[in-house]
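Subject: Structure for your set-up

Dear colleague,

I am passing on the structure that we discussed, and my notes follow below it. Please read them alongside the coordinates.

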Amino acid sequence: MKNPLLSNPGRLALTIMVVGACALLMLFLWSVYQGVNEGAVDYIRRTGADVWILQRNSTNIIRGSSIMSTRDCGEIRGADKVESASPVLLIFASASLGARECTLFLAGYVPEEPMGGPPALEAGRAPADDSEIVLDRVFARKHRLAVGQKIRIQGADLRIVGLSSGTNAMVIQYAFVTLRRAQAFVGFPGLISFVAARFRSGVDKGAAIEALRSQRPDLNFFSDGEFIRNNVLEMQSGFLAFLFIISLMGAGVLSIILILLFSLSILEKRREFVIMKALGAPRGFIPSLVVAQAAILGSAGAALGIMLLFPVRAIVRAWSPELETGMYLLQIAVVSGAVLAVSLISSVVAARRLSRFYALEAFRGREE
Amino acid sequence: MGTVELAGLGKMIKEGNEERWILRGIDAVIEKGELALLLGPSGSGKTSLLTVIAGLVAPSEGRVSVFGRLLSDLRDRELQAMRARRIGFIFQNFLLIDSFSGYQNAEISLRFAGFGRAEAERAARETFSDLGIGSLGPRKASDMSHGERQRVAVARALAASPELILADEPTASLESGQGARVIETIHSYLRGSGATAIVSTHDGRLVARSDRVLELKDGRLNHCAAGRGA
């Protein structure tokens, strides 16, 4: 049976656009969240260490400082079952770009060591000496820098020799120099932040980590999985609440707009609903028209939001390259379900008005 | 036993702090197959009496029986089912659903009466065809003229083959020729089906086609007699 609530094409299109915009907002925020989560730990994930060693009480590299000595790295390297240990010094460094200053997450590492450097190079090569630097590709694109150019970091001119990928943590990007160069920037030659180590093949990693813990109780040892989790949690504690609140606000605004739109369309169709009541419409029939309208609008709006997500992501990426986004089917399903649920709940709230429409009105000549 | 029986019927309403009887002391029986006219000037209580008979308003006193059942004994759901399945309504201004076609206006009424989708579509088309208004079926109600809307409203009321037709001033806004055609359509339906009709009007010329006349004045039954068509 035709639904009179769907008879106004202009209103229908407007409502679908409103629902679509809210679905797009939620999907986009979630994809940013996903992108941040992935980008923040990509460096760790791709380094391929079996164990990460930090100063005691340090659990992550995102918002925690760990201070260790190169001697600690030497001791770990010499431990039984350890195949290699790579020291890394992570510091925030200021880069001068004309009149502007930008901050980089500068990783000083030993290029001859197997870990600690850029996990993947999109262009160029790794630094060979203290005058060279590898920049994150997103940072380079954003500031129109290319391999062969120079960049001034904390007063030193460094030549860009490579561009790395998987090193964009959205709020900041990694850059890679030699360990010596990074230590020179802070003025402490023996200083490192953490050590990434690998065990020999066939070694029980859990037992090996326990052995290292008992050998150096003053340090923190994390398996690769634990360390990734720690960093993700650290990122989430800052971002999740923020994005979640914005998403909730989006859902709240959507609910209010939908309740208003549904209420308006119900009031507009008051005469027709009164006729239906007078003709003997079963009790749940008219509310079911409102709910059906909401289901159609919610589904169409969610579909529109999903369709718009891809071009919007592309536009945002072009405008702000550091904003990485990630998207999975689960997110699309959850957001679509949430939008549909909000639409249905809004329609139920709006449908309460129907109880104040009386069949008797049909006999009072309310129209024409 | 009549199709509609009214015994000591009264309806009181409150207007501010004052109470006013809009119907009082009405006793009448409308037999099966009769075309009964409710005559009276505006404000005499004709529409109120129809709404009471339809079970949309409960009387303040007295009893109303329709199809042999006291309306006060029926639950809301039973009243709704009775209106949908056994009563056909023609409203004063026809009250079509503007966004629907002529057929759809009849179909929705048929669906409420318990017809399946295909059954309702078929019955709507048959009714329009029988009444000679097949060309109005596919047209949107909002695009119809006054007279066309009135004919579709009658078709909607008759589509589910109701046992009782309640028509509220169905000729009030029509030219005399169109009004006569409405009454003729109802009359011929009653003859073919044995159904009953109660038609409120202030047009005394319709008395000639009626079987019974109930004349209301100030909410009281002023006169109740067999019509000239009886």
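Why does the radius of gyration of chain B agree with that of a compact globule? For 230 residues such a globule would have a radius of gyration near 17 Å, and chain B has 17 Å, so the two agree; the radius is taken over C-alpha atoms, and the globule rule is 2.2 Å times the number of residues to the power 0.38.

Before going further, a word on conventions. This is a predicted model, in which local features need pLDDT of at least 70 and side-chain atom pairs count only at pLDDT 80 or more, while totals for chains, interfaces and linings use all residues. Residues are numbered from 1 along each chain as its sequence is written, and chains are lettered from A and ligands numbered from 1 in the order in which they are written.

On confidence, the predictor gives the complex an ipTM of 0.85 and a pTM of 0.70. Chain B has a mean pLDDT (the predictor's confidence in each residue, from 0 to 100) of 89, with 97% of its residues at 70 or more. Within chain B, the lowest confidence falls in strand E10 (residues 220-226), at a mean of 75, and the highest in strand E4 (residues 61-66), at 95.

Chain B has six helices and ten strands, where helices (H or I, at least four residues) and strands (E, at least two) are DSSP runs numbered from the N terminus. Its C-alpha trace spans about 50 × 40 × 40 Å along the principal axes. Buried residues, those with 20 or more other C-beta atoms within 10 Å of their own C-beta, which is placed from the backbone, make up 48% of the 230 residues in chain B.

Chain A is assigned domain 1 (4-40 + 234-364) and domain 2 (57-217), with bounds that come from an automatic or database domain assignment. The C-alpha centres of these two domains of chain A lie 46 Å apart. Their contact (C-beta atoms, placed from the backbone, within 7 Å) takes ten residues from domain 1 and ten residues from domain 2 of chain A. On the domain 1 side, helix H1 (9-47) and helix H6 (224-268) of chain A are the elements that give two or more residues, and the largest share, four residues, comes from H1(A).

Between the chains, 20 residues of chain A are in contact with 23 residues of chain B.

Best regards

Note on methods. Contact = placed C-beta atoms within 7 Å. Buried ≥ 20, exposed ≤ 12 C-beta atoms within 10 Å, placed from the backbone.
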